[in-house]
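Welcome, and let us take a walk through this model together. Have the structure open as you read, and we will stop at a few places along the chain.

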Amino acid sequence: MATQATLNTESLKNRHLLSRLQKDTASDSELSKEDLYGPQLYLIYHHWGLSYMLYFFVIIHHAVAICEDPAVEGFHLPYWVTMCVEFACVLFYLFRLFHCASFLPVETFCRDKKNIMLLVAIVLTAIDMSCYIGLVNTGYESFAYRWSRPLRPIFMVNFSEYKQIRRAFRNIRKTLPDIINVLVLVFLVICLFSLMGQKLFQKRELKYPDGTPYFDNYLDIFFQLYVLVTTANNPDIMMPAYDSNRWYALFFIAYIIICLYIFMNIFLAVIYNNYRKHLKNEVRKLVYMKRKSLAKAFDLLKIKKQGMFVIDFKRFNVLLKMIPPARSPMLVNILWYVLDTNGDNVVEKVDFLQLADLLNVTVTEIKDRRSIFDRIFPEFFRSKFSMSLRLLVAHKYFRYFFDLMILLNAFLIAFDISDAEWLFLALFTLEILLKMYTFGVLYFFRRFWNIFDFLVIGGAIIGTSIESFMDSSADDKTRTLDILLVLRVLRLVKIIGGIDRFQVIVTTILNLGPSILTYGGVLIVVYYVFAIIGMEIFQNKIKYFGYQNVTDPSHLYCGNPLLNGSVFYQSQYCSNNFNNILHTFVVLFELTVVNQWHVVANGFVRVTGKAARIFFFVFHLTSVIIVLNIFTAFVLEAFILEYSFCKSKLESAMEKKIIEMGLQLGRKHSPSLKGTDSDNLVIDSEDVIESSDDEISGQNLNRKSSIYPDLSEKTDIRFHLSKSKNVENLLQRMFENELDVDDVGPDDIENYEDETRLSLEVILNH
């Protein structure tokens, strides 16, 4: 009886699942759509088209500095043109703000600091534009300054599309108060050593090699010792004293040990500890807000069944249809079965709270990969010879062979052995053609490394062909081929990533990509603000006219006689100027690298005044000491996470359901399924789901004991879990493990500055 009941239950579930795949449940929804005006506005607000328009206007708004005074040579535009462009950008920002206000409660909109900052920036920009136009048109152009330009990054940081950059700034802001104490101690130590240095060397009448007095002014001494902490002027700062008396070296050795090797390392440790603490608090708030939103969504969707509040599949399906991106019915069923841990065809609240994390699991859905060659030449494509060839191409040793060829090619190029390069080009071309034939053209171009190979080899063929028609020399042809073929050596990163001892490092670097871009955005914001300020202060103070055969006296010494005899001019740094935004960004990058940054700073001090040191001091303190150290702390945390974590429970559950339902990539189609490659299906060895020995031995048992139907014969869709991980999700997993699965946090948790918490509330509010 029990066996019969189990079979009946399984049969019912199979029929129920298959019926879901054949009909659209949206028409059966009990949720009213008449009052969804607010949610529709929300969905329109987050439409990809409007988001990309915002990206476009933000980029244009910042790039207009290329055409404003001081403009890049050849790109200068009249002020009224740049004003019109900026006015259009501001109008779009206003539209986005009003659109956001249309679906948010007034109190919520006004309480959000981001919206207030955006409104203030828009008002100040409008005032600045009006004042500038008025001054220019009334003849007071010499008093016209665009003082609102440093405010432009506010629009990059405070719109919802740039939430990652905003979070990075928020972490920096929260970490600052905790590291001020260490900074104060470092500055006190520098002040103390500056005072000691003044007393030791001021009356000894020592001089630098350029003839300037040595340690005769306290502020100069402080700046020189601050630069010494960055090691940029070591040992230059010590040499005059060391030449005078060898014992003076102890002063500088003690200073470097205390400030550089002790305090600066303590500073990094404090940054890491406090950054991690604030990151943990922020992630915990994110988890709480996420769970609160999901709990509210559950309360809006729940129905009572057998004395319990649950959500059925019909409502779950309607919900997923309203949450982008679009998902196939098959994927919706898999998500449902992952949440339905009890197998009772309903989801309880504790399971529903995992929905957001489940939707973050990256699943690749692959449909019929029938090759175009199969459609054109089916008989030949399915012949024994063709099948053997395709199996050979799909085998992992095929990849290993060509990876070896790439390494051998790089070895020959390194030793300038060019006789075999055309052979390698032919081999690599054959590899690309065989892959296209085996897996199909569309599938071939879905892989990054395939696109990379195609562009490099295609470029090599086109480049050498053009040079042949142009009667270029053999050396030119070989040189072009060398450059393009050397680029293929980058494919060896895949091999390095497959070695256990390197896998964590390579995987961390790859997964850090988006986060590196986030902190790159933070640096761009910092650069842009300092670039605008720097151009206002230093523009046209230093110019580049060359260094030899300069006949015009006004062109000597970078166009400024004050640089005569300076290290700045002797080092030929005239191109390091603030005469347009592109040159300025290069200068700021050089300052970030630190080496010789004091030479650049002293050059502009000569042509302006010693107060100019404040600009370079603040920039170094902001970008190098604070931002880059916090980024270092983030990299450390991400590496530890990558080293410590494996698959999450949801990822493992998702993979298990895919296998139980027979939908894993590598599972062959049934011959009865029309329009597929059937038994001739060839799967790339990189695509097959990797399982441990225990998983392999237990798959048959899972298949036999599964209550879900084997759908491999009913559909040509296959699923594959991505191996890449999002660092933000890793951080949430790390701190979320400290919370109970049903913990939604305290009732008085502060409103968190993140728009995503409103998504389910807005969609389901009605």
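Ile253 sits in helix H11, residues 249-301. Helices here are DSSP runs of H or I with at least four residues, strands are runs of E with at least two, and both are numbered from the N terminus.

Before going further, please note that this is a predicted model, in which local features need pLDDT of at least 70 and side-chain atom pairs count only at pLDDT 80 or more, while totals for chains, interfaces and linings use all residues. Residues are numbered from 1 along each chain as its sequence is written, and side-chain values use heavy atoms, with hydrogens and water left out.

The areas come from the Shrake-Rupley method with a 1.4 Å probe, and for residues only the protein chains shown count as cover.

Now for the rings. Those of Phe, Tyr and Trp (its six-membered ring) pair if their centres lie within 6.5 Å; planes under 30 degrees apart are stacked, over 60 edge-to-face, and the rest tilted. The count by this rule is 58 aromatic pairs. In one of them, Phe201 and Phe251 have ring centres 5.8 Å apart and planes at 85 degrees, so they meet edge-to-face. This pair links distant parts of the chain, 50 residues apart: Phe201 belongs to helix H8 (residues 163-201) and Phe251 to helix H11. Phe201 is buried, at 0% relative accessible area, and Phe251 is buried at 9%. Elsewhere, one aromatic cluster includes Tyr527, Phe568, Tyr573 and Phe619.

Rings can also meet charges. Arg246 lies over the face of Tyr242, 4.8 Å from the ring centre, and Lys302 lies over the face of Phe309 at 4.3 Å. The rule asks for NZ of Lys or CZ of Arg within 6 Å of the ring centre and within 35 degrees of the ring normal.

What about the backbone? Most residues other than glycine have a negative phi, and most peptide bonds are trans. The bond from Asp69 to Pro70, however, is cis, with omega near -5 degrees, and Pro70 lies in the loop between helix H3 (48-63) and helix H4 (79-103). The bond from Asn234 to Pro235 is cis too, with omega near 5 degrees; Pro235 is in the loop between helix H9 (218-229) and helix H10 (239-244). Thr231 lies in the loop between H9 and H10, and has a positive phi of about 65 degrees.

Finally, step back. The protein holds 34 helices and four strands, and buried residues make up 47% of its 766 residues. Its accessible surface is about 39,400 Å², with 63% belonging to carbon and sulfur atoms.

Methods
Buried < 20%, exposed > 50% of the residue type's maximum accessible area, 1.4 Å probe, protein only.
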